[in-house]
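User: I would like a close look at one part of this protein, its aromatic rings. Please keep the explanation plain.

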Amino acid sequence: MASMQNNESGNDAKPWGKLTSFNVAYDNVNMLKESYTIGRRGECDVVISDIRLSGVHCRIYRDEDGNYYIEDLSSNGTFIEDEKIGKGNKRKITSGDKIYLLHKSKVPMNEIIGYIFSAVQLTESISKKKREEEEKALEEERKKTEKQSKFQEELGEEMQCCICIDYIYQCASVIPCLHNFCKRG
């Protein structure tokens, strides 16, 4: 029977992932910590008391960029679908990946130990990121507008007709003083 060590802090934490067990004998896992170990040893985050599993069979974690990985730490192998990861190797995982600790081809159906991984998108972090991007775009637009206004302000007198006080249309200049005015018919 699988058991979870109670390492989660508080009830307000939101999971970043979920492991849904293939076998009803083992619990589903809501992933709140940055890293989870699965294996026979009592210090694992998910303890599965089956002699066919390694003491620490695998580790599932996410990196600072929000990517999800599984690292194979076992002697017998950890599989994503039918692909063996290999001891000491890691693979990127995505929602819907089937992770086998005891592969379906090696044991009867009722003895399969594995999970379907689901990434849980946190709407708060997505909203925060979107809000930050919008604020950055607004700040860039404000700077651009400010720069254009300053340019128009600096050149305003140069671009203004001294006769009609509008922007110069078909510029004409008087020599030698170089006053500019509209050359309207």
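Which residues form one aromatic cluster?

Analyst: This is a predicted model. The aromatic cluster is made up of Trp16, Tyr68 and Phe117. A search of the whole structure gives five aromatic pairs. One of them is formed by Trp16 and Tyr68, whose rings are stacked, at 5.5 Å centre to centre and with 5° between the planes. Planes under 30 degrees apart count as stacked, so the angle puts this pair in that class. Trp16 lies in the loop between β1 and β2, while Tyr68 belongs to strand β7, so the pair ties together parts that are 52 residues apart in sequence. Trp16 has 1% relative accessibility and therefore counts as buried. Tyr68 is also buried, at 11% relative accessibility.

Another stacked pair consists of Phe22 and Tyr100, with 5.0 Å centre to centre and 20° between the planes. Phe22 sits in the loop between β2 and β3, and Tyr100 in strand β11, 78 residues apart, so this pair links distant parts of the chain. Phe22 is partly exposed, with a relative accessible area of 31%, whereas Tyr100 counts as buried at 6% relative accessibility.

The charged end of Lys33 is placed over the ring of Tyr36, 5.5 Å from the ring centre. Over the face of Tyr69 lies Lys90, at 4.8 Å from the centre of the ring.

Technical notes. Residues numbered from 1 in each chain as written. Predicted model: local features only at pLDDT ≥ 70, side-chain atom pairs only at ≥ 80, totals over all residues. Heavy atoms only, no water. Phe/Tyr/Trp six-rings, centres within 6.5 Å; stacked < 30°, edge-to-face > 60°. Helix = DSSP H or I, 4+ residues; strand = E, 2+ residues; numbered from the N terminus. Buried < 20%, exposed > 50% of the residue type's maximum accessible area, 1.4 Å probe, protein only. Lys NZ or Arg CZ within 6 Å of the ring centre and 35° of its normal.
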